[in-house]
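Please read it alongside the model.

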Amino acid sequence: MRTVILTMTFLLTLIQTFGQAEEPKLKISPLTDNFYIYTTYNTYEGSKIPANGMYVVTNEGVILFDTPWDTTQFQPLLDSIKLKHNKNVKICIATHWHSDRTEGLEYYKKQGIKTYTTKQTDELSKKNSKKRAEYLIEKDTIFNIEQYSFETYYPGQGHTEDNIVIWFDKEKILYGGCLIKGADAENLGYLGDGNVIEYETTLKNVQKKYPDPKYIIVSHHDWNNIKSLKHSIKLAKKIKRKNYR
Ligand SMILES: [Zn+2]
């Protein structure tokens, strides 16, 4: 009997261990060359939602776009980057004020990382008691960091009032954050802080400015499908019509 119980306990432990192994709290996937997508998870209205961010490994250090949503993963992300690339994160830029983008800003500042948001994001973060960055971007800005160059672009209101996108011109990578939804998304997600009338125009501004991206990174869906922006425009058009009625 004792052996049976022991075996059962052992099996249960095994199942638990494997169960956990199947669902890591932090996932890092290569995108291209020195670009990586990291994913953490959180529960929203009862279902587990992934949140993607991106990082780029430069000669001297790592540039992080947005922070993990899962607060237990701020340090594990830094540790994983250090282990994988033997480099430290130097800069972190968050693309709008919601927690799935900004939650780690103050933690990262304490680790000596230069944290950035736009001025508009900072005002909304302050108003909504969210974590804030140390440095503020006043207008669309080109960053030249080591061998990489990218720009921030504010296309107008959509997912939130302040959402920006990031563009790497040489690599043709469009980092869309929560503004752009996946190609298989059924809707535009949470719109409580968004602008359903402007959303379509805002997305079209992004499309006009960056007509030929090679990659489009989205926050909460599969980022491997380049049709995400086109599909999001369709969704935004639909919701605009509904709201005009
Ligand atoms: Zn989001």
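In this predicted model, Ile93 is in contact with Leu64, Phe65, Asp66, Tyr116, Ile137, Phe143, Phe150 and Ile166, once its neighbours within four places in sequence are left aside. Apart from the core to which Ile93 belongs lies another core, of 18 residues, which includes Tyr36, Tyr38, Val57 and Val89.

**Nonpolar cores**

- The largest nonpolar core comprises 43 residues, and those with the most contacts inside it are Ile93 together with Met54, Phe65, Phe150, Phe168 and Leu174.
- Helix 7, spanning residues 228–244, gives the most to this core, contributing five residues.

**Helix 5**

- In helix 5 (residues 119–127), the buried residues are Thr121, Asp122, Leu124 and Ser125.
- Because these buried residues fall within an arc of 165° when seen down the axis of helix 5, they line one face of the helix, whereas Glu123, Lys126 and Lys127 are exposed on the other side.
- The buried residues of helix 5 pack against strand 6 (114–118) and strand 7 (135–137), and the helix is followed by Ser129, whose phi is positive, near 55°.

**Lys181**

- Lys181 sits in the loop between strand 11 (173–177) and helix 6 (199–209), where a polar atom of its side chain lies 2.8 Å from the backbone oxygen of Cys178.
- Although Lys181 is buried, it has no salt bridge, the nearest side chain of opposite charge being Asp100, at 7.3 Å.
- Not counting residues up to four places away in sequence, Lys181 touches a set of residues including His159, Asn187, Tyr199, His221 and Ser232.

Technical notes:
Residues numbered from 1 in each chain as written. Predicted model: local features only at pLDDT ≥ 70, side-chain atom pairs only at ≥ 80, totals over all residues. Heavy atoms only, no water. Core = buried A, V, L, I, M, F, W, Y, C linked by side-chain atoms within 4.5 Å. Buried < 20%, exposed > 50% of the residue type's maximum accessible area, 1.4 Å probe, protein only. Helix = DSSP H or I, 4+ residues; strand = E, 2+ residues; numbered from the N terminus. Contact = heavy atoms within 4.5 Å. Arc of directions from axis to C-beta. Lys, Arg positive; Asp, Glu negative; His and termini not counted. Salt bridge = Lys/Arg side-chain N within 4 Å of Asp/Glu carboxyl O. Polar contact = N/O pair within 3.5 Å; in protein donor to acceptor, adjacent residues only side chain to side chain.
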